[in-house]
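This report describes one protein model in short sections. Please keep the sequence and the structure in view while reading.

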Amino acid sequence: DKKGRPGWIAVPGKHGRIRFQVRSALGWAAIGYLETYTDVGVCTCWLGNGPKKAIDARTSQHVSVLGLAILQAGNTTKTKEGSPQLLDVTCLSDGNKFKIVSLQSC
């Protein structure tokens, strides 16, 4: 993408898939992504066995900003109340550029 601007990028022309393993006590994750006006697409992400969420990185405004998407895990097996568990965050791109710049869980 650009030197000095780290992130995980799905390149145009290929359907990309990436998986991150996170620790989550509450079953929530937040994905930060590049939201911009040109040359980006949609990425579908989910946490654990939670619902899939289509994240559209396109905006009609002439800006490039941080977008934020919240994911919720489905029914998970808890080891102890409030104990962190390992969950996968999985994302599939639509064949257009998509840049993930941050990932947090709680």
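## A hairpin and two positive phi values

Gly48 has a positive phi near 60 degrees in the hairpin of S4 and S5, where five residues lie between the strands. Strands here are DSSP runs (E, at least two residues), numbered from the N terminus. S4 pairs with strand S5 (residues 53–56) in the antiparallel sense over four bridges, and two strands count as paired if DSSP finds at least two bridges between them. Within this pairing, Cys43 stands opposite Ile55 in S5.

Asp39 also has a positive phi near 60 degrees, and Asp39 is a residue other than glycine. The place of Asp39 is the loop between S3 and S4. Asp39 counts as exposed because its relative accessibility is 61%; the classes are buried (under 20% relative accessible area), exposed (over 50%) and partly exposed in between, with a 1.4 Å probe and protein chains only.

## Source of the model

The model is predicted, so local features need pLDDT of at least 70 and side-chain atom pairs count only at pLDDT 80 or more, while totals for chains, interfaces and linings use all residues. Residues are numbered from 1 along each chain as its sequence is written, and side-chain values use heavy atoms, leaving out hydrogens and water.

Strands of a sheet pair through backbone hydrogen bonds, either parallel or antiparallel. In this model, four strands form an open sheet in the order S1-S8-S3-S6, with antiparallel pairing. Strand S1 (8–10) and strand S6 (64–72) are the edge strands, each pairing on one side only. On average, neighbouring strands of this sheet are turned by 30 degrees against each other, direction ignored; the axes are lines fitted to C-alpha atoms.

S1 and S8 run antiparallel and are joined by three bridges. Ile9 has Lys99 in S8 as its bridge partner. Lys97 lies in the loop between strand S7 (85–93) and strand S8 (98–105). Is Lys97 buried or exposed? Lys97 is buried, because its relative accessible area is 18%.

## Aromatic rings

How many aromatic pairs does a search of the whole structure find? The search finds two; rings of Phe, Tyr and Trp (its six-membered ring) pair if their centres lie within 6.5 Å, and planes under 30 degrees apart count as stacked, over 60 as edge-to-face and the rest as tilted. The rings of Trp8 and Phe20 are edge-to-face, because their planes are at 75 degrees, with the centres 4.9 Å apart. Trp8 is in strand S1 and Phe20 in strand S2 (residues 17–24), so this pair ties together parts 12 residues apart in sequence. Trp8 is partly exposed at 42% relative accessibility, whereas Phe20 is buried at 14%.

The rings of Tyr33 and Phe98 are stacked, because their planes are at 25 degrees, and their centres are 5.6 Å apart. This pair links distant parts of the chain, with Tyr33 in strand S3 (residues 28–36) and Phe98 in strand S8, 65 residues apart. Both Tyr33 and Phe98 are buried.

## The nonpolar core

The largest nonpolar core has 20 residues, of which Ile31, Cys45, Leu47, Val89, Cys91 and Phe98 touch the most other members. Such a core is a set of buried Ala, Val, Leu, Ile, Met, Phe, Trp, Tyr and Cys residues joined through side-chain atoms within 4.5 Å. At least two residues of this core come from each of S2, S3, strand S4 (42–47), S6, S7 and S8.

Conventions: Axes fitted to C-alpha atoms, helices over the stretch in contact; angles between N-to-C directions.
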